[in-house]
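Please keep the structure open while reading.

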Amino acid sequence: MSHNTIAINQRMNKFDGHKSVWLFGYGSLIFKADFPYLDRRPAHIGGWSRRFWQGSHDHRGTETAPGRVVTLVPDAGALCHGMAYLVTPEEFAHLDHREKNGYLRLATEMHFDDGSSDEGIVYIATHENEAYLGPADEIDIARQIATARGPSGPNSEYLLGLAQALRELGKPDPHVFALERHLADFGVTQLRA
């Protein structure tokens, strides 16, 4: 599957006719909501773990030197914490472009901190897309993140921004925090002001 998924995502019609749809963010969508939304709430989804296994050729790296960004991988019993946004369907044109590098819209049940739940959309990059990098030793992942840079800035800003956002939510993630510690070994320890 091509890493440009805009056309595939535009064919998803599960939520056609809805005035608003919940969107679950587990990566940069937690700390960089560059779209209008009607509501925003901490949430989690079950059966998935966040991993820096997706290549970024368009935002945090280039075709010849891709960065690494998060995707979700199936993990029975796991919970992935993030942020849910209630958006109007018009926002999906922007979101499909933002998430075009291998991410597919999937329907998911999300659970809010108040105990309620609702169905919505999550973007996941599966192993079938051309930009998928897959698992690697965490030190090697951190090394790649430390050196990658793309049109949206250094890959390290993405990792550090995500780690900071998860701390603010009070939701630790062992994979993200381990990569953050390894990143410090390469001299990258804080977000630029």
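Strand β2 covers residues 39–56, and strand β3 covers residues 67–87. The two pair in the antiparallel sense, over 15 bridges. The model is a predicted one.

Helix α5, residues 155–169, packs on the sheet. The helix touches both β2 and β3. Its direction makes about 80 degrees with that of β3.

## The barrel

Five strands close into a barrel. Their order is β1-β3-β2-β4-β5, and the pairing is mixed. On average, neighbouring strands of this sheet are turned by 45 degrees against each other, with direction ignored.

Strand β1 (residues 21–25) runs parallel to strand β5 (residues 117–125). Three bridges join them. Here L23 stands opposite I121 in β5.

On the other pairing of β5, the sense is antiparallel: nine bridges join this strand to β4, residues 103–112. H111 has S117 of β5 as its bridge partner. The hairpin of β4 and β5 has four residues between the strands. Within that hairpin, G115 takes a positive phi near 95 degrees.

## Helix α5 against helix α6

Two packed helices are described by the angle between their axes and the distance between the axes. The axes of α5 and α6 come within 10 Å and cross at roughly 130 degrees. That angle makes α5 oblique to α6. The crossing is left-handed.

From α5, the contact uses S156, L159, L160, L162, A163, L166 and R167. From α6, it uses V176, F177, L179, E180 and L183. By class, this contact has nine nonpolar, one polar and two charged residues.

## Helix α4 against helix α6

Helix α4 (residues 138–147) also packs with helix α6 (residues 174–185). The angle is about 65 degrees, and the axes lie 9 Å apart. α4 passes α6 in a right-handed crossing.

On the α4 side, the residues are E138, I139, I141, A142, I145 and A146. They meet H175, A178, L179, H182 and L183 in α6. By class, the contact has eight nonpolar, two polar and one charged residues.

## An aromatic link

How many aromatic pairs does the structure hold? There are seven. One of them joins F31 and Y158. The ring centres are 6.2 Å apart and the planes stand at 75 degrees, so the pair is edge-to-face.

This pair links distant parts of the chain. F31 belongs to helix α2, residues 28–31, while Y158 belongs to helix α5. They are 127 residues apart.

## Helix α5 in summary

Terms used:
Residues are numbered from 1 along each chain as its sequence is written. This is a predicted model: local features need pLDDT of at least 70, side-chain atom pairs count only at pLDDT 80 or more; totals for chains, interfaces and linings use all residues. Side-chain values use heavy atoms; hydrogens and water are left out. Axes are lines fitted to C-alpha atoms, for helices over the stretch in contact, and angles run from 0 to 180 degrees between N-to-C directions. A crossing is left-handed if the near helix is turned anticlockwise from the far one by less than a right angle, and right-handed if clockwise. Contact means heavy atoms within 4.5 Å. Ala, Val, Leu, Ile, Met, Phe, Trp, Tyr, Cys and Pro count as nonpolar, Asp, Glu, Lys and Arg as charged, and the others, Gly among them, as polar. Two strands pair if DSSP finds at least two bridges between them. Angles under 35 degrees count as roughly parallel, over 145 as roughly antiparallel, 65 to 115 as roughly perpendicular and the rest as oblique. Rings of Phe, Tyr and Trp (its six-membered ring) pair if their centres lie within 6.5 Å; planes under 30 degrees apart count as stacked, over 60 as edge-to-face and the rest as tilted.
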